[in-house]
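Me: I've just opened this one and I'm new to it. Can you walk me through it?

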Amino acid sequence: MPEILKIEDLKVHYGVINAIKGINIRVNAGEIVTLIGANGAGKSSTLNAIMNLVTSKKGKILYEGHDITKSSTADIVKSGIVLVPEGRRIFPNLTVQENLMIGSYGRNDKDGIKRDFDFVLSLFPRIKERLKQPGGTLSGGEQQMLAIGRALMGSPKILLMDEPSLGLAPLLVKMVFEVIKKIKDEGKTILLVEQNATMALANADYAYVLETGKIALEGSGKSLLAHEEVRKSYLGVK
Amino acid sequence: MDIGLNALIQNIFNSLSLGSLYALIAVGYTMVYGILRLINFAHGDIFMMGTYFAFYAITIFFLPWYLGFLVAILITGLLGFSIEKIAYRPLRNAPRISSLITAIGMSFFLESFAVVVFGGIPKSFNVYPKFFSDIILIGQSRIPLLTFITIGVTFFLFLILWWILYKTKIGLAMRAISVDIPTTSLMGANVNNVISMTFVLGSTFAAVAGILWAMKYPQVQPYMGFTPGLKAFIAAVIGGIGSIQGAIVGGFLLGFLEIMIVGFFPSLAGYRDVFAYVVLVIILMFRPTGIFKIYSEQKV
């Protein structure tokens, strides 16, 4: 598989705090790649650095061979990298439909937008019933679906997801991962940041373990799932 | 008809016309605040600049009045665009107090600029066609045509504003950006463009208000933006700053109170400018967020 995204020696700091201390990550097209690790390990910072939402970073980010390290967030989104941010961050004052439509802000292909809109509604029938409601009236699980749907409206080639299962009931977590698999089946690449390491590793083609800003381990999802240290530290298995 | 009813009709129209002007200016304050949480203290001076642009477009460049007004409105939009770009954008991530002080500085700058370049002596704004002052009789009440024009133009502009906010892509982004700037940029929207558009829109509204104001009280002078600007700001706060409906309601509320209190208690006329502050204090005592509450940033 050709690699679609490559991060070389990425460093991010906030003031004097070094959040990421030089990491290398490769994401192959069509795969699910996951970053796991504890709070503060630098998972979200990695995604925000890809989107150029952090003010201070070093290193290189290559997307389809192009250097996007210094591209604007808007241009990165238009080129096909879309982030589902942590905490969903849907727009509470916009209707559900407007929340979806704003996801396609950078696009002009009306037919494609219509097609993606229909796809999102088929993926999330619950959202379809609530199109005219303000986004703020949805439940937590519905808001997560909306946030994923909104990102898909941007027609991403690679979807970055920041803790999509955070704060959701177990049944909804399962549903989120089913959705992730469906999105993969659409031919899209997924870079997933998760604290729910068991679910993330079980579904990932490849995985990285972050510890205090560095990559501690990497390997296929299955191999890390079986790795003793990972089981002890992240899966809570003795 | 008796005199009381005539006076009432007269006062209602006066209130609507003054309220329109406050609302037009207040919308500019509230849109900028809604997006940047910045009180654009220079807004009243942008209003002033708009009237000067119209004055000079007609007196120096000999444009016909309608063209002169249009050009002035567009140039004022450009002025708002430039002010954001030069003065506010570099400070967007700086502490709030820095932008606030910059806004106050910008206000002083524009006033001093007007004094130096345009001169401190008030000029008569007699550049509009005389039929604007024609009197229309409603019953026994004599209402100038300008009053109807003011109300009509304001209504039309608010209709356009509504259309932009709810029917266009940039309007969608404006509403999104008012709750969450970083997430809006994640949608592929160029946040800078959206913010620029907001300033352009607010400034053009201020220019329209300025021109209407200068025809109502027919003179222009460098400090003419201060009082209307302050009152419109109060109107925006009363309505719930950040909320566009709030600014409109607040503007009309203030217009009505000012005219009606003076209309019915002429002995209080000297306190006219105090009412706005009294209303502000009373409303903030019971509703600290103003009449309309806006969505604040989402908590995770």
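Predicted model: local features only at pLDDT ≥ 70, side-chain atom pairs only at ≥ 80, totals over all residues.

Me: What about chain B, how many of its contacts join residues at least 24 apart?

Reply: For chain B the share is 75%, counted among contacts between residues at least 6 apart in sequence.

Me: OK, how many helices and strands are there in chain A?

Reply: Chain A has ten helices and ten strands. Its radius of gyration is 17 Å, close to the 18 Å that the globule rule gives for 238 residues, so chain A is as compact as a globular protein of that length. Its C-alpha atoms fill a box of roughly 45 × 40 × 35 Å along the principal axes, and 45% of the 238 residues are buried.

Me: And how many helices and strands in chain B?

Reply: Chain B has eleven helices and four strands. A compact globule with 300 residues would have a radius of gyration near 19 Å, and chain B agrees, because its value is 19 Å. The box for its C-alpha atoms is roughly 60 × 50 × 35 Å, again along the principal axes. Of the 300 residues, 47% count as buried.

Me: Where do the chains touch, and how many residues are in contact?

Reply: On the chain A side 22 residues are in contact with 18 residues of chain B. Helix 2 (73-79) and helix 3 (96-102) of chain A each supply at least two residues of that side. Helix 2 of chain A gives the largest share, four residues.

Me: What classes of residue does chain A put there?

Reply: Twelve nonpolar, six polar and four charged.

Me: Switching topic: at what angle do helix 2 and helix 4 of chain B pack?

Reply: Helix 2 (residues 43-59) and helix 4 (residues 96-118) of chain B pack at about 25°, with their axes 9 Å apart. Angles under 35 degrees count as roughly parallel, so helix 2 of chain B is roughly parallel to helix 4 of chain B. The crossing between helix 2 and helix 4 of chain B is left-handed.

Me: Which residues make that contact?

Reply: From helix 2 of chain B, B:Asp45, B:Met48, B:Met49 and B:Tyr52; from helix 4 of chain B, B:Ser107, B:Leu110, B:Glu111, B:Ala114 and B:Phe118. They divide into six nonpolar, one polar and two charged.

Me: How about helix 5 and helix 6 of chain B, what's their angle?

Reply: About 80°, with the axes of helix 5 (residues 145-167) and helix 6 (residues 169-177) of chain B 5 Å apart. Those two helices of chain B are therefore roughly perpendicular to each other. B:Ile164, B:Leu165, B:Tyr166 and B:Lys167 in helix 5 meet B:Ile170, B:Gly171, B:Met174 and B:Arg175 in helix 6. By class, that contact has five nonpolar, one polar and two charged residues.

Me: One last thing: is B:Val220 buried or exposed?

Reply: B:Val220 is buried, because 24 other C-beta atoms lie within 10 Å and the cut-off is 20 or more. Its place is in strand 4 (residues 219-220) of chain B.

Me: And what is B:Val220 in contact with?

Reply: Leaving aside neighbours within four places in sequence, B:Val220 is in contact with B:Thr51, B:Tyr52, B:Phe55, B:Pro122, B:Lys123, B:Phe125 and B:Ala214. B:Thr51 is 169 residues from B:Val220 in sequence, yet their C-alpha atoms are 6.8 Å apart in space. B:Tyr52, on that list, is also one of the helix 2 residues of chain B that touch helix 4 of chain B.

Note on methods: Residues numbered from 1 in each chain as written. Chains lettered and ligands numbered in written order. Axes fitted to C-alpha atoms, helices over the stretch in contact; angles between N-to-C directions. Parallel < 35°, antiparallel > 145°, perpendicular 65-115°, else oblique. Left-handed = near helix turned anticlockwise from the far one by under 90°. Contact = placed C-beta atoms within 7 Å. Nonpolar A, V, L, I, M, F, W, Y, C, P; charged D, E, K, R; others polar. Rg over C-alpha atoms; globule rule 2.2 N^0.38 Å. Buried ≥ 20, exposed ≤ 12 C-beta atoms within 10 Å, placed from the backbone.
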